[in-house]
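The briefing below walks through one protein model by topic, and is meant to be read beside the sequence and the structure.

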Amino acid sequence: MIDRLTDISSTFGAFLDSEAFWLVLLVFYPIYGLLYRRRSAMMAFVVAFSLLFAYKVGGLIALSVLVKAVVDYWLSVWLSHIRSRSRRRALLVCSVLLSVGVLVWFKCDGGMMQSVASIVGANFRLTDLVVPVGISFYTFRSVSYMVDVYRGVIIAPRRMLDYVFYLTYFPVLVAGPIVRAAEFFPQLEGNRRITPPMLYAGLFLMMKGLLKKADYLAQFNNLVFDNPAGYSGTEALLALLGYSAQIYLDFSGYSDIAIGMSRTLGIELPLNFRSPYKSVSITEFWRRWHISLSSWLRDYIYIPLGGSRCGRWRTRFNLLLTMAVGGAWHGAGFTFVVWGLAHGMALVVQKAFSPLVSRLRAPRQVWIAATFVFVTVMWLPFRCVSLADTAVMFCRIFTDFRPEVIEAFVRERAVWTLMLIAAYVLMFLPDRMSEWAERRFVGMRWFGKLLLLCLLLQLIIEFSAAYVAPFIYAGF
């Protein structure tokens, strides 16, 4: 299953880098502009393009998102017309179990199909061919939609096209953000205008996201994580620091591209990252990291379980279970569950000792450093293939650290070292600097914008690897 997800993710990366994709975009924007004020025609066109995008990225099975959208829509309409509370709840439970069951089935490598294949004496597994791209992201959007219809937060749209547009919307199809229907549908109403500042701000975010794509850092990181026993503790630590920067830049870069592209289409998506490595606690980290997922887990798992309203021990259990689900969402491997549970335990410990911590007058930088160290160390089980590799990396870092290796490493990998330093400088810059840069770009003359775009493309060409690494979260 992991290999297949990697194949899909690699295909996605190759597709983004292909001339065909950029040519389609050059065709897409003019047609979208012509159809923008004709709502139905515009939405039908975007749905068609989204399905083409899904097909090019994940093959025919990726079009199952359309089947999912049709089923969801009719279930939500049915749910809206049922008056019996017990029947409404039963229908909701069936809908959620169906959605989550399919997701779990794929995450667990399609064990049932594997058993069927063994019975008939075949070495063929259906899941080697059928893994719907973006299934984790659109499943969570589907569940939130059904739950919100049940709660009365939103009303099922009168037209199926509206919901199909929402679930197949291509900027968020592969790797989020997990935009909710209650935030999305109101933007489809009325005569919204796409202003030049919206276009330029969207273009700035897209450029920012492309610049974040940390392909160069991935080259050395992958070498160490693929063979942790073959490197010193110093190299293992540098690879871990490199991966900590890589996963943030890569995922937040995709989010910036998705949000920016959607903004150029006149639709605002929710913020997904807010300088998470500047957090002073694990709680704050999860308010800043993958915000659309952490808020989804809070609203649709933690709070329905009782949140913090059911006593101390129940609150701790709710936190652990919620974070375990968050870990399992990333993959069926036990390493992801360990990563989620570790963050859950950190949240439990933080809540238990918060009165004591509040009395300590340590500088803010100390808490930021402590939070960053914990988060970075916890990337080990997240990135490593197995717990055995996690243990090897951990032991190497803490028992085989050799300061004398640093000088030789910097000499041999000077560009990688400079890229790592630049990445950390950018990650810890004040937020106001990014906001200032966006304002300056939006107010700049067209020639300056074009010049910066050309400069960005040249930087990407100069520092990118020969192989374009796929977006990390495209495989989840």
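A residue counts as buried here when its relative accessible area is under 20%. By that cut-off, the buried residues of helix α8 are D162, Y163, V164, F165, Y166, L167 and T168. The model is a predicted one, and the protein has 23 helices and 0 strands. Of its 476 residues, 51% count as buried, and among contacts between residues at least 6 apart in sequence, 76% join residues at least 24 apart.

**Confidence of the prediction**

- The average pLDDT of the protein is 82, and 85% of the residues score at least 70.
- Confidence is lowest in helix α6 (residues 111-119), where the mean is 40, and highest in helix α13 (residues 282-288), where it is 94.
- Over residues 110-129 the pLDDT is below 50, and this stretch has 19 contacts in the model beyond near neighbours in sequence.
- Residues 1-15 also stay under 50, although the model gives them 35 contacts beyond four places in sequence.
- Where pLDDT is low, the predicted coordinates should not be read in detail.

- One of the buried residues of α8 is F165, which, leaving aside neighbours within four places in sequence, is in contact with M42, M43, V46, V47, F184, L188 and I267.
- The largest nonpolar core has 117 residues, of which Y145, F165, Y277 and W379 touch the most other members.
- Helix α12 (residues 233-264) gives the most to this core, contributing 14 residues.
- In soluble globular proteins, nonpolar side chains tend to be buried together.

**Helix α4**

- Helix α4 (residues 64-81) has 18 residues, which at 1.5 Å a residue should span 26 Å, and its end C-alpha atoms are 26 Å apart, in agreement with that expectation.
- The residues buried in α4 are V65, K68, A69, D72, Y73, L75, S76, V77 and L79, a list that includes the charged residues K68 and D72.

**Aromatic rings and charges over them**

- The model has 49 aromatic pairs, counting rings whose centres lie within 6.5 Å.
- F137 lies in helix α7 (residues 135-151) and W329 in helix α15 (residues 312-330), so the pair ties together parts that are 192 residues apart in sequence.
- Both F137 and W329 are buried.
- R141 lies over the face of Y166, at 5.7 Å from the ring centre, and Y166 is itself among the buried residues of α8.
- R316 lies over the face of W313, where the distance from the ring centre is 4.5 Å.

- T315 has its place in helix α15 and is buried, with a relative accessible area of 8%.
- Not counting residues up to four places away in sequence, T315 touches Y302, G307, S308 and R309.

**The loops on either side of helix α13**

- S275 lies in the loop between α12 and α13 and has a positive phi of about 45°, although it is not a glycine.
- With a relative accessibility of 11%, S275 counts as buried.
- L271 is also placed in the loop between α12 and α13, but L271 is partly exposed, with a relative accessible area of 48%.
- Not counting residues up to four places away in sequence, L271 touches I259 and I291.
- The C-alpha atoms of L271 and W289 are separated by 10.0 Å, and these two residues are 18 residues apart along the chain.
- H290 is found in the loop between α13 and α14 (291-302), and its phi is near 40°, a positive value in a residue other than glycine.
- At 0% relative accessibility, H290 counts as buried.

Technical notes. Residues numbered from 1 in each chain as written. Predicted model: local features only at pLDDT ≥ 70, side-chain atom pairs only at ≥ 80, totals over all residues. Heavy atoms only, no water. Phe/Tyr/Trp six-rings, centres within 6.5 Å; stacked < 30°, edge-to-face > 60°. Helix = DSSP H or I, 4+ residues; strand = E, 2+ residues; numbered from the N terminus. Buried < 20%, exposed > 50% of the residue type's maximum accessible area, 1.4 Å probe, protein only. Lys NZ or Arg CZ within 6 Å of the ring centre and 35° of its normal. pLDDT = per-residue confidence, 0-100. Contact = heavy atoms within 4.5 Å. Core = buried A, V, L, I, M, F, W, Y, C linked by side-chain atoms within 4.5 Å. Expected span 1.5 Å × (residues − 1).
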